[in-house]
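Okay, everyone, thanks for coming.

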Amino acid sequence: MATYKLNTPISEEEIRNLQVNDVIYISGTMFTARDQAHRRALELYKEGKKPPLEMEGLAVFHCGPIVRKEQDKWMIVAAGPTTSTRMELFEDEFIKNFKVRVVVGKGGMGPKTTDAMKQYGAVYGAFTGGAAVLAAKAVKNVKSVEWFDLGMPEALWILEVEDFGPLTVAIDAHGNNLFKDVQEKVEENKQKIYQKLGV
Amino acid sequence: MKIETLVEDVGVKLLQLAVTKLPQDVKESLQQAYREEENGAGKTQLEAILKNIDLAEKTSTPMCQDTGVIIFYIKAGAQTQNLDKIEKALSKATIRATKEVPLRPNAVNPFTQKNSGDNTGRYVPFIHWEIVSGNTIEITVLPKGGGSENVCSLGMISPGTGVKGLKNFVIDTVMNAGAKPCPPNILGVAVGGGADIAMKLAKEALLRPLNESNPDPELAKLETELYDAANMTGIGPMGLGGKFTVLGVKVDYAHRHPASYPVAVAFQCWAARRASARIHADGTVEYLTHKVM
Ligand code: SF4
């Protein structure tokens, strides 16, 4: 278990160096995307068009932030992670096509994403569920917002972040998935617990 | 001051306190978990939680973006006047707090999917009433997050299996919930009554301070047993592994119908927000869960 500070754009090599249980902090550019932004980006890609942001080497954040406009500036009020499993539908294609290097969210992701991360070189960074103030503090600036027509939580918020974390590497680029490991251990512990409870 | 104005002001204050500052017992329990957690990933999560609640407190911002659905519990002294004004006052307090704190609007019409925008709506905020003797009004607010609510579970298990069945149901529910309710959690467990009563008691049990053990020694024993079992699962903080899956288990019960054995499990997340105050007959207000300058 090691701690790394990564600056975007993050290279494939840096990513392949990481193992599950490592802790990372990200500085540079990060953007939020939930279901609808994932879908739209992939549709554009299919049509041969580009999304409004060069995503290679960046971190995508599963988050629907609360954002407030002060004078002419957007300010992040809260930016906790949302449950990532909803993006399992899109993430493998997303990683493949856009070469994002870190996917940030909570709750973990499934085998399709794990495979894509191994193949194309990306990791999943688990951010503490609900830790909205910690996340907001690491956001130094809202660079811009795209696709605002999707609504505040679904829009693509492009953020400048400094030491965003701690993110626990829960899926690495070698096919390891910490959430899956924990689930298997829980399954293993089941009989022992039943025995202890006498059920 | 008129009772409705006083209750409204206290309601706003309670909401603000609840979402920005955890009660001391929860904070201490999280600190202890951090000290004792041996799993690296789990410990990292607990550290982040502690930093987050510290920042929230210092900046008076909600500790989690999901400020929940608002529920009030009231113990109304039978001698108190104007109790009929309280519901309206707390609804107003909720609207005000939504703007002032701010809270995330979380009241959605289940048919039209329209969000009311101010955290009020049909039966929202919900108020649980209890009439007690005396002339004070005690108000507790429980802002209840969605992530932990979604894994609450009710089992109408076979009475033949009894307490064994209860234990089995609780532990299976915890294992199925996994990382979803943002562990470490507090579990409210209640048995008996009927489907509605079991769940009501389970949720109310979440209001009991973590450092108070059950006055009934048998139930206290059951709480410890379930606590140990839940923490043996290895789910850990945020489901990343570790020994702190729960911070506490609180058990309650009601007598049951001979043919039924309802078991309810209510989950609370690490953001175990609650705040209480007592309003005295002379208009003085005493905050019970938080220090107020
Ligand atoms: S489960 Fe609790 S901590 Fe997690 S996002 Fe919901 S309200 Fe916040």
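So, before anything else: this is a predicted model. Let's go to the interface. Across the interface of chain B and chain A there are 9 residue pairs in polar contact, both residues of each pair having pLDDT 80 or more. Which helices of chain B supply at least two residues each to the side that touches chain A? They are helix 3 (40-59), helix 6 (162-177) and helix 8 (217-232). Helix 3 of chain B gives the most to that side, with 11 residues. If you sort the residues on the chain B side by kind, you get 18 nonpolar, 12 polar and 8 charged.

How many residues take part? The contact draws 38 residues from chain B and 35 residues from chain A. Together the two chains bury about 3000 Å², and 70% of that is on carbon and sulfur atoms. On the chain B side, the residues that lose the most area to chain A are Gln65(B), Met232(B) and Leu240(B), which together account for 21% of what that side buries. And how many salt bridges are there between chain B and chain A? The count is 0.

Salt bridges do turn up elsewhere, though. Over all chains, the count comes to 25. One of them is in chain B: the side chains of Glu8(B) and Arg96(B) meet at 2.9 Å, N to O. That pair links distant parts of the chain, since Glu8(B) sits in helix 1 and Arg96(B) in helix 4 (residues 86-100), 88 residues apart.

Now the sheets of chain B. One of them is an open sheet of 5 strands, in the order 2-1-3-8-9, with mixed pairing.

If you want a spot to look at, Ile71(B) stands opposite Phe126(B) in strand 2. Helix 1 (residues 3-20) of chain B packs on the sheet, where it touches strand 1, strand 3 (137-144), strand 8 (275-279) and strand 9. The direction of helix 1 makes about 155° with that of strand 8. Helix 7 (residues 195-205) of chain B lies across strand 1, strand 2 and strand 3, and runs at about 90° to strand 1.

On to another sheet in chain B. Here 4 strands form an open sheet in the order 4-7-5-6, and again the pairing is mixed. Strand 4 (153-157) and strand 6 (246-253) are at the edges with a single partner strand each, so one side of each lacks a neighbour in the sheet. The twist from one strand to the next averages 15°. Strand 5 (residues 185-191) and strand 7 (residues 261-268) of chain B run antiparallel, with 6 bridges between them. For example, Ile186(B) has Gln268(B) in strand 7 as its bridge partner.

In general, most residues other than glycine have a negative phi, and most peptide bonds are trans. Where are the cis ones here? Val101(B) and Pro102(B) are joined by a cis peptide bond, with omega about -5°, and Pro102(B) lies in the loop between helix 4 and strand 2 of chain B. Pro183(B) and Pro184(B) are also joined by a cis bond, with omega about 10°; Pro184(B) lies in the loop between helix 6 and strand 5 of chain B. Then there's Gln113(B), which is not a glycine but has a positive phi of about 65°. You'll find Gln113(B) in the loop between helix 4 and strand 2 of chain B.

Notes. Residues are numbered from 1 along each chain as its sequence is written. Chains are lettered from A and ligands numbered from 1 in the order in which they are written. Side-chain values use heavy atoms; hydrogens and water are left out. Contact means heavy atoms within 4.5 Å. Buried area is the accessible area (1.4 Å probe) that two parts lose on being put together, summed over both. A salt bridge is a side-chain nitrogen of Lys or Arg within 4 Å of a carboxyl oxygen of Asp or Glu. A polar contact is a pair of N or O atoms within 3.5 Å; within protein, one must be able to donate a hydrogen and the other to accept it, and residues adjacent in sequence count only if both atoms are side-chain atoms. Ala, Val, Leu, Ile, Met, Phe, Trp, Tyr, Cys and Pro count as nonpolar, Asp, Glu, Lys and Arg as charged, and the others, Gly among them, as polar. Two strands pair if DSSP finds at least two bridges between them. Axes are lines fitted to C-alpha atoms, for helices over the stretch in contact, and angles run from 0 to 180 degrees between N-to-C directions.
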